[in-house]
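Please view the structure alongside the text.

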Amino acid sequence: RVIDQVTGSVFLDPSEFAEDLELRLGRANGNVYQRKRGVEGVHDGQIMVRLKKKRFIVIDYSVVPTTTDIQIAAETSHVSTPSGAGKQKCITPTCTKVGIPTLLYDSDPNEPPSLYMRSGLCFTCQR
């Protein structure tokens, strides 16, 4: 868990993933790039997903939001800490992984929330 020393938050500044966005994610809808590996049977790690040509999200199944994270998310449209993030298990009965990620960044938060944020499924089961 990388924590910003000033804010105490796990949220990312866009400059932290700019290179991954340019060089690794690609421009086609549905492209994914795993920024941080998951832990087998526990969580799927940190993943960038291209939702539309210009829209993308960065989600992390390993982050359990702190009180500070929740406060920042309440004031910042590009991030979200849904109830159960980083803790609630995937709704697939046989899966033991986390099913609700923390949204570390949404490039277009005015669009409806992504299915990855609403489904209750881990990334593997969702795909």
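Four strands form an open sheet in the order β1-β2-β3-β4, with antiparallel pairing; strands (E, at least two residues) and helices (H or I, at least four) are DSSP runs numbered from the N terminus, and two strands pair if DSSP finds at least two bridges between them. This is a predicted model, in which local features need pLDDT of at least 70 and side-chain atom pairs count only at pLDDT 80 or more, while totals for chains, interfaces and linings use all residues. Residues are numbered from 1 along each chain as its sequence is written, and side-chain values use heavy atoms, with hydrogens and water left out.

- The edge strands, each pairing on one side only, are β1 (32-36) and β4.
- From one strand to the next the twist averages 20°; axes are lines fitted to C-alpha atoms, for helices over the stretch in contact, and angles run from 0 to 180 degrees between N-to-C directions.
- Four antiparallel bridges link β1 to β2 (residues 46-50), and tyrosine 33 has methionine 48 in β2 as its bridge partner.
- β2 and β3 are antiparallel over five bridges, and a hairpin joins them through five residues.
- Arginine 50 has phenylalanine 56 in β3 as its bridge partner.
- The antiparallel pairing of β3 with β4 runs over four bridges.
- Isoleucine 59 is bridged to leucine 103 in β4, and aspartate 60 stands opposite threonine 102 in β4.

**Burial in the strands**

- β3 is mostly covered, with five of its five residues buried; buried means under 20% relative accessible area, exposed over 50%, and partly exposed in between (1.4 Å probe, protein chains only).
- Phe56, Val58 and Asp60 point one way from β3, Ile57 and Ile59 point the other way, and all are buried.
- In a regular strand the side chains alternate between the two faces of the sheet.
- β4 is largely enclosed by the rest of the structure, because five of its five residues are buried.

**Helix α1**

- α1 packs on the sheet and touches β1, β2 and β3, and its direction makes about 60° with that of β2.
- Asp20, Leu21 and Leu25 are buried in α1.
- These buried residues line one face of the helix, because they fall within an arc of 100° seen down the axis of α1; the arc is that of the directions from the helix axis to the C-beta atoms.
- β1, β2 and β3 are among what covers the buried residues of α1.
- The face of α1 turned away from its buried side carries Glu22 and Leu23, which are exposed.
- Glycine 26 follows α1 and has a positive phi, near 85°.

**Nonpolar cores**

- The largest nonpolar core has 14 residues, of which Phe17, Met48, Phe56, Val58 and Leu104 touch the most other members; such a core is a set of buried Ala, Val, Leu, Ile, Met, Phe, Trp, Tyr and Cys residues joined through side-chain atoms within 4.5 Å.
- α1 (18-25), β3 (56-60) and β4 (102-106) are the elements that give two or more residues to this core.
- A second, separate core of ten residues includes Ile47, Val49, Leu103 and Met117.
- Beyond its neighbours within four places in sequence, methionine 48 has contacts that include Phe17, Leu21, Leu25, Val32, Tyr33, Phe56 and Val58; contact means heavy atoms within 4.5 Å.

**Leucine 121**

- Leucine 121 lies in the loop between α3 (115-118) and α4 (123-126).
- At a relative accessible area of 19%, leucine 121 is buried.
- Apart from its neighbours within four places in sequence, leucine 121 is in contact with Tyr61, Cys90, Ile91, Thr92, Gly99 and Gln126.
- Leucine 121 and glutamine 88 are 33 residues apart in sequence, and their C-alpha atoms are 9.6 Å apart in space.

**Cysteines**

- The structure holds zero disulfides, a disulfide being a pair of cysteine sulfur atoms within 2.5 Å.
- The closest cysteine sulfur to that of cysteine 90 is in cysteine 125, at 3.8 Å, which is too far for a bond.
- Cysteine 122 is in no disulfide either, and its nearest cysteine sulfur, that of cysteine 125, is 3.6 Å away.
- Cysteine 90 counts as buried at 6% relative accessibility, and cysteine 122 is buried at a relative accessible area of 0%.
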